[in-house]
Amino acid sequence: MAVDLSLYLVTDSTPAILKGRDICTVVEEALKGGVTVVQYRDKKSDTGEQIATARKLHQICQKYGVPLLINDRVDVALAVGAEGVHLGQDDMKFAEAKKILPKEAIIGISASTLEEAQKAIADGADYLGIGTMFATPTKTNTRYVLGTAGTQAILDAISTTSVNTVAIGGINHSNVQRVIYQSESPKKALDGVAIVSAIMAADDSKAAAEELAKLIKNPPCIR
Ligand code: TZP
Ligand code: MG
């Protein structure tokens, strides 16, 4: 999978995050700021609305050469020709999604435990979304809050595999370097961070993404 996961934007359509702004405008600002992959995650809209929004987002992402992944909904990904899907533990099983998506489609899987990570790797997932890293108001029904130590323990245990990984949950400007550079010589490092509110809810999503991209590229002076 040749996708840059370093600054992975996950969208949210709730009023608290969008604050009356159009999702497409916010996502385009984030793309201008340097997000490298976009996941359309929408727990509220009906299927028709999701397809309409995903189609618009796909056009915008294509302008920036950035892949669009669809959360939960393999049918929506197929309808709009998105580059892939992100599936949780309660969504369509990896094998079913693999059967019906184009063979080059990206399939990411959420993992909160080592067992879930190992199962997703055995299935052939392109990347793992590991979390929840830190407790976050954006998703309150999280099963485990792993912290940096819990996340690193999972990464170390899967260090013999080449699977790509991002961490998700409560990641923002003040902790992103700690998340990415948590260990000086990790057995396996994260490939990126997945972020909702620190970009989507920012007054200036372009500036927020730019600043995060800089922090991700540069190791902190002091760990
Ligand atoms: N899965 C685990 S935490 C989370 C998801 C979708 C939400 C992350 O949102 P934020 O605003 O980046 O903490
Ligand atoms: Mg899901």
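Author: Two residues are in contact if their C-beta atoms, placed from the backbone, lie within 7 Å. Keep that in mind for helix α2. This is a predicted model.

Reader: What covers the buried residues of α2?

Author: The cover includes strands β1 and β2 (37-40). It also includes helices α1 (15-18), α3 (47-63), α9 (197-200) and α10 (205-217).

Reader: Which residues of α2 are buried?

Author: Helix α2 spans residues 23-33. Its buried residues are Ile23, Val26, Val27, Glu29, Ala30, Leu31 and Gly33. After α2 comes Gly34, with a positive phi near 115 degrees.

Reader: Why is Gln182 called partly exposed?

Author: Count its neighbours. Gln182 has 19 C-beta neighbours inside 10 Å. Buried takes 20 or more, and exposed takes 12 or fewer. Gln182 therefore counts as partly exposed.

Reader: Where is Gln182 found, and what is it in contact with?

Author: Gln182 sits in the loop between α8 (176-180) and β8. Leaving aside neighbours within four places in sequence, Gln182 is in contact with Thr148 and Gln152. Ile216 is 34 residues away from Gln182 in sequence. In space, their C-alpha atoms are 12 Å apart.

Reader: How do you know that β8 pairs with β1?

Author: Count the bridges. Pairing takes at least two. Strand β1 (residues 7-10) and β8 are joined by three, and they run parallel. Tyr8 stands opposite Ala194 in β8.

Reader: What makes β7 a partner of β8?

Author: The test is again at least two bridges. Strand β7 (residues 164-168) and β8 have three, in the parallel sense. Here Ala167 stands opposite Val193.

Reader: Which residues of β8 are buried on each side?

Author: Strand β8 covers residues 192-195. Gly192 and Ala194 are buried on one side, and Val193 and Ile195 on the other. Both faces are covered. In a regular strand, side chains alternate between the two faces of the sheet.

Reader: Which residues come nearest to ligand 1?

Author: There are 15 residues around ligand 1. Thr136, Thr138, Gly169, Val196 and Ser197 come nearest. By class, the shell has six nonpolar, eight polar and one charged residues.

Reader: What does UniProt place at residues 7-199?

Author: An unreviewed UniProt entry gives "domain: Thiamine phosphate synthase/TenI" there. In the model, the span is 39% helix and 19% strand. Its end C-alpha atoms lie 10 Å apart.

Reader: How confident is the predictor in the chain?

Author: On a scale from 0 to 100, the chain averages a pLDDT of 96. At least 70 is the score of 99% of the residues. For the complex, the predictor gives an ipTM of 0.99 and a pTM of 0.97.

Conventions. Residues numbered from 1 in each chain as written. Chains lettered and ligands numbered in written order. Predicted model: local features only at pLDDT ≥ 70, side-chain atom pairs only at ≥ 80, totals over all residues. Helix = DSSP H or I, 4+ residues; strand = E, 2+ residues; numbered from the N terminus. Near = placed C-beta within 6 Å. Nonpolar A, V, L, I, M, F, W, Y, C, P; charged D, E, K, R; others polar. UniProt positions renumbered as here; feature names shortened; annotations may be inferred.
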